[in-house]
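Let's take a friendly walk through one protein model, from its strands to its ligand. Keep the 3D view open as you read.

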Amino acid sequence: MVKFVQIPWAIPNFQKEDKNALLRVIKSNWLSMGNEVKKFEERLSSYLRIKYSIAVNNGTAALDIALKCIGIKNGDEVIIPALTYIATGNAVLYNQGTPVFVDIDDTLNIDTSLIEEKITDKTKAIMNIDLGGNASNYNKLLEIAKRYDIPLVVDGAQSFGSEYYNVKCCSHGLINTTSFHAAKILTTVEGGMIFTNDKKMNMLARTIRNQGDVAKFDHQFLGNNYRMIDLLAAMGNSQMNRFEGTLRKRRKKVDYYRDYLKNVEYPRQLENTINSNFFFLILTKNRDRLNHHLNENGIDTRITYPLPINEQPLFRKYGKEVFPMAKKISERVISLPLHQSLTRTEQDYIIKKINKFKE
Ligand SMILES: Cc1ncc(COP(=O)(O)O)c(C=O)c1O
(Lines give C-alpha, C1' and ligand atoms only; values in the text may rest on other atoms or scores of the structure.)
Protein backbone atom coordinates (compact mmCIF):
# COMPACT_ATOMS: atom_id res chain seq x y z
CA MET A 1 0.00 0.00 0.00
CA VAL A 2 1.31 3.45 -0.91
CA LYS A 3 1.47 5.69 2.11
CA PHE A 4 0.53 9.29 1.37
CA VAL A 5 3.19 11.63 2.71
CA GLN A 6 2.20 14.99 4.11
CA ILE A 7 4.89 17.08 5.73
CA PRO A 8 3.64 20.44 7.00
CA TRP A 9 5.76 23.55 6.64
CA ALA A 10 5.17 24.40 10.29
CA ILE A 11 3.30 23.01 13.27
CA PRO A 12 2.53 25.26 16.24
CA ASN A 13 5.00 24.61 19.04
CA PHE A 14 2.26 23.58 21.46
CA GLN A 15 3.17 21.11 24.21
CA LYS A 16 1.46 19.56 27.22
CA GLU A 17 2.88 22.17 29.60
CA ASP A 18 1.34 24.94 27.46
CA LYS A 19 -2.03 23.25 27.73
CA ASN A 20 -1.61 23.07 31.51
CA ALA A 21 -0.72 26.77 31.59
CA LEU A 22 -3.92 27.57 29.67
CA LEU A 23 -6.02 25.44 32.02
CA ARG A 24 -4.49 27.12 35.06
CA VAL A 25 -5.46 30.56 33.73
CA ILE A 26 -8.96 29.39 32.78
CA LYS A 27 -9.48 28.11 36.33
CA SER A 28 -8.27 31.42 37.78
CA ASN A 29 -11.20 33.26 36.14
CA TRP A 30 -8.90 36.10 35.03
CA LEU A 31 -8.50 35.73 31.28
CA SER A 32 -7.99 39.25 29.93
CA MET A 33 -4.85 41.39 30.32
CA GLY A 34 -3.42 40.95 33.83
CA ASN A 35 -0.57 39.33 35.72
CA GLU A 36 0.35 36.75 33.06
CA VAL A 37 0.83 39.55 30.51
CA LYS A 38 2.94 41.49 33.02
CA LYS A 39 5.06 38.41 33.72
CA PHE A 40 5.49 37.73 29.98
CA GLU A 41 6.63 41.31 29.41
CA GLU A 42 9.12 41.13 32.29
CA ARG A 43 10.54 37.83 31.06
CA LEU A 44 11.10 39.12 27.56
CA SER A 45 12.67 42.35 28.84
CA SER A 46 15.11 40.29 30.81
CA TYR A 47 15.78 37.90 27.90
CA LEU A 48 16.46 40.77 25.47
CA ARG A 49 18.22 42.88 28.11
CA ILE A 50 15.91 45.81 27.32
CA LYS A 51 14.04 48.05 29.74
CA TYR A 52 10.46 47.93 28.49
CA SER A 53 8.28 45.32 26.80
CA ILE A 54 4.66 45.96 25.87
CA ALA A 55 2.55 42.95 24.88
CA VAL A 56 -0.11 43.34 22.20
CA ASN A 57 -2.52 41.14 20.26
CA ASN A 58 -0.37 40.64 17.12
CA GLY A 59 2.83 41.73 15.41
CA THR A 60 1.02 44.05 13.01
CA ALA A 61 -0.51 45.98 15.92
CA ALA A 62 2.98 46.17 17.46
CA LEU A 63 4.29 47.77 14.25
CA ASP A 64 1.40 50.22 14.08
CA ILE A 65 2.07 51.29 17.67
CA ALA A 66 5.84 51.52 17.05
CA LEU A 67 5.34 53.95 14.16
CA LYS A 68 2.82 55.97 16.19
CA CYS A 69 5.40 56.22 18.99
CA ILE A 70 7.96 57.53 16.50
CA GLY A 71 5.30 60.03 15.36
CA ILE A 72 4.94 58.95 11.72
CA LYS A 73 2.26 61.03 10.04
CA ASN A 74 0.97 62.15 6.67
CA GLY A 75 3.76 62.29 4.08
CA ASP A 76 6.58 61.11 6.32
CA GLU A 77 8.88 58.72 4.52
CA VAL A 78 9.80 55.38 6.07
CA ILE A 79 12.59 53.32 4.52
CA ILE A 80 11.89 49.59 4.33
CA PRO A 81 13.55 46.65 2.54
CA ALA A 82 12.12 45.68 -0.84
CA LEU A 83 11.66 42.07 0.30
CA THR A 84 9.52 41.70 3.40
CA TYR A 85 6.14 40.49 4.61
CA ILE A 86 3.27 42.80 3.71
CA ALA A 87 2.69 43.89 7.33
CA THR A 88 5.94 45.92 7.36
CA GLY A 89 4.65 48.13 4.57
CA ASN A 90 1.07 48.15 5.84
CA ALA A 91 2.16 49.69 9.14
CA VAL A 92 3.56 52.66 7.20
CA LEU A 93 0.23 53.09 5.39
CA TYR A 94 -1.85 52.87 8.61
CA ASN A 95 0.01 56.00 9.69
CA GLN A 96 -0.39 57.79 6.31
CA GLY A 97 3.36 57.49 5.78
CA THR A 98 5.09 56.89 2.44
CA PRO A 99 7.11 53.69 2.10
CA VAL A 100 10.50 54.12 0.43
CA PHE A 101 12.04 50.83 -0.71
CA VAL A 102 15.67 49.76 -0.66
CA ASP A 103 16.97 46.64 -2.38
CA ILE A 104 18.34 43.70 -0.42
CA ASP A 105 21.76 42.02 -0.65
CA ASP A 106 22.81 38.36 -0.56
CA THR A 107 21.87 38.12 3.14
CA LEU A 108 18.32 38.79 1.85
CA ASN A 109 18.19 41.77 4.22
CA ILE A 110 18.33 45.46 3.38
CA ASP A 111 21.48 46.42 1.45
CA THR A 112 22.92 49.01 3.84
CA SER A 113 25.12 50.49 1.09
CA LEU A 114 21.95 51.64 -0.73
CA ILE A 115 20.15 53.33 2.17
CA GLU A 116 21.78 56.74 2.15
CA GLU A 117 20.76 57.60 -1.42
CA LYS A 118 17.13 57.18 -0.32
CA ILE A 119 17.31 59.54 2.65
CA THR A 120 15.53 62.89 2.16
CA ASP A 121 14.28 65.69 4.43
CA LYS A 122 11.08 63.70 4.77
CA THR A 123 12.70 60.47 6.00
CA LYS A 124 11.39 59.89 9.51
CA ALA A 125 12.40 56.26 10.13
CA ILE A 126 14.38 53.33 8.83
CA MET A 127 12.37 50.17 9.46
CA ASN A 128 14.34 46.97 9.15
CA ILE A 129 13.55 43.26 9.26
CA ASP A 130 15.81 40.19 9.63
CA LEU A 131 14.44 37.86 6.98
CA GLY A 132 13.71 34.41 8.36
CA GLY A 133 15.80 35.23 11.44
CA ASN A 134 19.03 36.04 9.56
CA ALA A 135 20.46 39.03 11.46
CA SER A 136 21.05 42.24 9.50
CA ASN A 137 24.12 44.47 9.64
CA TYR A 138 23.14 46.41 12.77
CA ASN A 139 26.51 48.15 13.08
CA LYS A 140 25.95 49.80 9.75
CA LEU A 141 22.22 50.43 10.31
CA LEU A 142 22.88 52.13 13.64
CA GLU A 143 25.73 54.13 12.20
CA ILE A 144 23.48 55.49 9.40
CA ALA A 145 20.62 56.13 11.84
CA LYS A 146 22.96 58.09 14.10
CA ARG A 147 24.63 60.07 11.31
CA TYR A 148 21.32 61.23 9.85
CA ASP A 149 19.52 61.40 13.20
CA ILE A 150 16.76 59.10 11.97
CA PRO A 151 15.26 56.52 14.33
CA LEU A 152 15.85 52.84 13.59
CA VAL A 153 12.69 50.78 13.99
CA VAL A 154 13.14 47.01 14.01
CA ASP A 155 10.36 44.78 12.77
CA GLY A 156 11.72 41.70 14.50
CA ALA A 157 8.69 39.51 13.73
CA GLN A 158 11.04 36.84 12.35
CA SER A 159 14.11 37.31 14.52
CA PHE A 160 13.14 36.78 18.13
CA GLY A 161 15.94 34.42 19.24
CA SER A 162 18.54 35.76 16.77
CA GLU A 163 21.68 37.67 17.76
CA TYR A 164 24.12 40.14 16.25
CA TYR A 165 27.51 40.35 18.02
CA ASN A 166 26.05 39.07 21.31
CA VAL A 167 23.17 41.54 21.22
CA LYS A 168 19.75 39.99 20.80
CA CYS A 169 17.80 40.97 17.72
CA CYS A 170 14.58 42.87 18.48
CA SER A 171 16.58 45.23 20.69
CA HIS A 172 18.82 47.30 18.37
CA GLY A 173 16.25 49.92 17.39
CA LEU A 174 14.89 52.91 19.25
CA ILE A 175 11.70 50.87 19.13
CA ASN A 176 11.40 47.19 18.13
CA THR A 177 8.61 44.68 17.65
CA THR A 178 8.04 40.97 17.28
CA SER A 179 5.22 38.55 16.50
CA PHE A 180 4.05 35.38 18.23
CA HIS A 181 1.82 34.13 15.43
CA ALA A 182 1.10 30.37 15.37
CA ALA A 183 3.98 29.57 12.99
CA LYS A 184 6.53 31.53 15.04
CA ILE A 185 9.17 29.82 17.17
CA LEU A 186 7.62 31.32 20.30
CA THR A 187 3.89 31.39 19.84
CA THR A 188 0.79 32.65 21.61
CA VAL A 189 -1.31 31.73 18.51
CA GLU A 190 -1.71 35.44 17.77
CA GLY A 191 0.34 38.01 19.66
CA GLY A 192 3.13 40.50 19.47
CA MET A 193 5.36 42.73 21.54
CA ILE A 194 7.04 46.12 21.46
CA PHE A 195 10.49 46.60 23.00
CA THR A 196 12.24 49.85 23.87
CA ASN A 197 14.65 51.45 26.31
CA ASP A 198 12.83 54.76 26.00
CA LYS A 199 10.60 55.61 28.95
CA LYS A 200 8.30 57.97 27.01
CA MET A 201 7.78 55.45 24.21
CA ASN A 202 6.96 52.80 26.77
CA MET A 203 4.25 55.00 28.29
CA LEU A 204 2.92 56.01 24.88
CA ALA A 205 2.83 52.42 23.60
CA ARG A 206 0.93 51.26 26.71
CA THR A 207 -1.56 54.06 26.27
CA ILE A 208 -2.15 53.43 22.57
CA ARG A 209 -2.59 49.71 23.30
CA ASN A 210 -5.42 50.51 25.69
CA GLN A 211 -7.79 53.00 23.98
CA GLY A 212 -5.51 56.00 24.56
CA ASP A 213 -6.27 55.64 28.26
CA VAL A 214 -3.73 57.80 30.18
CA ALA A 215 -5.62 57.00 33.38
CA LYS A 216 -8.85 55.07 33.86
CA PHE A 217 -11.43 56.70 31.52
CA ASP A 218 -9.10 59.61 30.75
CA HIS A 219 -8.60 59.50 26.96
CA GLN A 220 -6.41 62.32 25.72
CA PHE A 221 -5.66 60.91 22.30
CA LEU A 222 -6.68 58.16 19.91
CA GLY A 223 -5.73 54.64 20.90
CA ASN A 224 -7.12 51.23 20.10
CA ASN A 225 -7.73 47.86 21.69
CA TYR A 226 -4.42 46.15 21.00
CA ARG A 227 -4.27 44.27 24.30
CA MET A 228 -2.83 40.79 24.74
CA ILE A 229 -4.87 38.49 26.98
CA ASP A 230 -3.61 36.59 30.04
CA LEU A 231 -4.77 33.28 28.59
CA LEU A 232 -2.34 33.60 25.68
CA ALA A 233 0.44 35.26 27.68
CA ALA A 234 0.41 32.12 29.88
CA MET A 235 1.24 30.11 26.77
CA GLY A 236 4.10 32.49 26.03
CA ASN A 237 5.45 32.16 29.56
CA SER A 238 5.26 28.40 29.37
CA GLN A 239 7.09 28.39 26.01
CA MET A 240 9.80 30.72 27.32
CA ASN A 241 10.73 27.97 29.83
CA ARG A 242 12.01 25.85 26.93
CA PHE A 243 12.88 28.54 24.39
CA GLU A 244 16.66 27.98 24.31
CA GLY A 245 16.06 24.24 23.82
CA THR A 246 13.59 24.95 21.04
CA LEU A 247 16.21 27.08 19.24
CA ARG A 248 18.85 24.37 19.71
CA LYS A 249 16.61 21.66 18.26
CA ARG A 250 15.80 23.87 15.28
CA ARG A 251 19.49 24.55 14.68
CA LYS A 252 20.21 20.79 14.63
CA LYS A 253 17.59 20.24 11.96
CA VAL A 254 19.02 23.11 9.90
CA ASP A 255 22.53 21.64 10.21
CA TYR A 256 21.19 18.29 9.06
CA TYR A 257 19.55 19.83 5.99
CA ARG A 258 22.76 21.68 5.16
CA ASP A 259 24.92 18.59 5.62
CA TYR A 260 22.99 16.59 3.04
CA LEU A 261 21.32 18.96 0.56
CA LYS A 262 23.11 19.25 -2.78
CA ASN A 263 23.03 21.86 -5.57
CA VAL A 264 21.20 24.54 -3.61
CA GLU A 265 22.41 27.91 -2.34
CA TYR A 266 21.65 29.70 0.90
CA PRO A 267 21.35 33.31 2.05
CA ARG A 268 24.69 34.60 3.37
CA GLN A 269 24.82 34.83 7.13
CA LEU A 270 26.96 37.60 8.66
CA GLU A 271 29.81 36.71 11.01
CA ASN A 272 29.12 36.78 14.73
CA THR A 273 25.41 36.32 14.31
CA ILE A 274 23.01 33.68 15.53
CA ASN A 275 20.07 32.83 13.31
CA SER A 276 16.81 31.90 15.06
CA ASN A 277 16.02 29.87 11.92
CA PHE A 278 12.42 30.94 11.70
CA PHE A 279 12.75 30.08 8.02
CA PHE A 280 15.01 27.50 6.46
CA LEU A 281 15.57 29.01 3.03
CA ILE A 282 17.11 27.50 -0.08
CA LEU A 283 17.79 29.32 -3.34
CA THR A 284 17.47 27.50 -6.64
CA LYS A 285 17.29 28.53 -10.29
CA ASN A 286 14.38 26.25 -11.16
CA ARG A 287 12.32 27.28 -8.15
CA ASP A 288 8.80 26.96 -9.52
CA ARG A 289 9.36 23.46 -10.90
CA LEU A 290 11.15 22.25 -7.79
CA ASN A 291 8.51 23.78 -5.56
CA HIS A 292 5.76 22.12 -7.56
CA HIS A 293 7.63 18.80 -7.37
CA LEU A 294 7.93 19.08 -3.57
CA ASN A 295 4.27 19.99 -3.13
CA GLU A 296 3.22 17.11 -5.44
CA ASN A 297 5.17 14.80 -3.15
CA GLY A 298 3.37 15.97 -0.03
CA ILE A 299 6.01 18.46 1.13
CA ASP A 300 4.48 21.75 2.18
CA THR A 301 6.60 24.84 1.43
CA ARG A 302 6.32 28.63 1.50
CA ILE A 303 7.61 31.13 -1.01
CA THR A 304 8.91 33.95 1.14
CA TYR A 305 8.10 36.09 -0.74
CA PRO A 306 6.79 35.65 -4.30
CA LEU A 307 7.00 39.39 -5.05
CA PRO A 308 9.14 42.26 -3.80
CA ILE A 309 6.76 44.27 -1.60
CA ASN A 310 6.87 47.29 -3.95
CA GLU A 311 5.41 45.07 -6.72
CA GLN A 312 2.37 44.14 -4.66
CA PRO A 313 -0.67 45.96 -6.16
CA LEU A 314 -1.16 47.90 -2.91
CA PHE A 315 2.32 49.41 -3.12
CA ARG A 316 2.73 49.97 -6.86
CA LYS A 317 1.76 53.60 -6.66
CA TYR A 318 4.88 54.32 -4.58
CA GLY A 319 7.20 54.13 -7.57
CA LYS A 320 8.19 51.93 -10.46
CA GLU A 321 11.76 51.23 -9.45
CA VAL A 322 12.87 47.65 -10.00
CA PHE A 323 14.97 46.07 -7.25
CA PRO A 324 17.11 43.46 -9.01
CA MET A 325 18.18 41.48 -5.96
CA ALA A 326 14.72 41.40 -4.35
CA LYS A 327 13.31 40.33 -7.71
CA LYS A 328 15.92 37.61 -8.22
CA ILE A 329 15.39 36.21 -4.73
CA SER A 330 11.60 36.26 -5.06
CA GLU A 331 12.09 34.05 -8.12
CA ARG A 332 14.53 31.64 -6.44
CA VAL A 333 13.62 31.26 -2.79
CA ILE A 334 11.81 28.34 -1.14
CA SER A 335 11.20 27.98 2.58
CA LEU A 336 11.32 24.29 3.56
CA PRO A 337 9.48 22.58 6.43
CA LEU A 338 11.05 23.28 9.80
CA HIS A 339 9.37 22.64 13.13
CA GLN A 340 9.91 20.78 16.40
CA SER A 341 8.06 17.65 15.24
CA LEU A 342 9.94 17.28 11.95
CA THR A 343 11.59 13.85 12.06
CA ARG A 344 14.88 12.61 10.59
CA THR A 345 12.91 10.32 8.28
CA GLU A 346 10.90 13.28 7.02
CA GLN A 347 14.05 15.34 6.52
CA ASP A 348 15.69 12.44 4.65
CA TYR A 349 12.62 12.24 2.41
CA ILE A 350 12.71 16.00 1.68
CA ILE A 351 16.47 15.92 1.04
CA LYS A 352 16.10 12.97 -1.33
CA LYS A 353 13.32 14.67 -3.27
CA ILE A 354 15.48 17.77 -3.73
CA ASN A 355 18.77 16.00 -4.50
CA LYS A 356 17.18 13.66 -7.02
CA PHE A 357 15.17 16.39 -8.73
CA LYS A 358 16.11 16.60 -12.42
CA GLU A 359 16.18 20.13 -13.83
C1 LIG B 1 8.29 40.69 8.89
C2 LIG B 1 6.94 40.61 9.52
N3 LIG B 1 6.39 41.71 10.03
C4 LIG B 1 5.18 41.69 10.63
C5 LIG B 1 4.47 40.52 10.76
C6 LIG B 1 3.10 40.57 11.36
O7 LIG B 1 2.93 39.79 12.49
P8 LIG B 1 1.49 39.23 12.87
O9 LIG B 1 1.14 38.16 11.91
O10 LIG B 1 1.66 38.74 14.27
O11 LIG B 1 0.54 40.37 12.82
C12 LIG B 1 5.00 39.32 10.26
C13 LIG B 1 4.26 38.06 10.39
O14 LIG B 1 4.75 37.01 10.12
C15 LIG B 1 6.27 39.37 9.62
O16 LIG B 1 6.81 38.26 9.10
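Three strands form an open sheet in the order β7-β6-β12, with antiparallel pairing. Strands here are DSSP runs of E with at least two residues, helices are runs of H or I with at least four, and both are numbered from the N terminus. Two strands pair if DSSP finds at least two bridges between them. The edge strands of this sheet are β7 (167-168) and β12 (273-274), each pairing on one side only. Strand β6 (residues 163-164) is joined to β12 by 2 bridges, and the two run antiparallel. Look for Glu-163: it stands opposite Ile-274 in β12.

A word on what you are looking at: this is a predicted model, in which local features need pLDDT of at least 70 and side-chain atom pairs count only at pLDDT 80 or more, while totals for chains, interfaces and linings use all residues. Residues are numbered from 1 along each chain as its sequence is written, and side-chain values use heavy atoms, leaving out hydrogens and water.

Now find strand β1 (residues 52-56). Is β1 mostly covered or mostly open? It is mostly covered, as 5 of its 5 residues are buried (buried means under 20% relative accessible area, exposed over 50%, partly exposed in between, with a 1.4 Å probe and protein chains only). Tyr-52, Ile-54 and Val-56 point one way from β1, and Ser-53 and Ala-55 point the other way. In a regular strand the side chains alternate between the two faces of the sheet. Strand β9 (residues 192-196) runs antiparallel to β1, joined to it by 5 bridges. Within β9, Thr-196 is the bridge partner of Tyr-52.

Next comes the ligand. Which residues come nearest to it? Of the 15 around it, they are Gly-59, Thr-60, Asp-155, Ser-179 and Lys-184 (a residue counts as near if one of its heavy atoms lies within 4 Å).

| Residue and its N or O atom | Ligand atom | Distance |
|---|---|---|
| Gly-59, backbone | oxygen | 2.7 Å |
| Thr-60, side chain | oxygen | 2.5 Å |
| Asp-155, side chain | nitrogen | 2.7 Å |

Taken alone, the ligand exposes 390 Å², and the protein buries 91% of that. These areas come from the Shrake-Rupley method with a 1.4 Å probe. Helices α3 (59-70) and α4 (86-94) are the elements that give two or more residues to the shell around the ligand. The largest share, 3 residues, comes from α3.

How values were computed. Polar contact = N/O pair within 3.5 Å; in protein donor to acceptor, adjacent residues only side chain to side chain.
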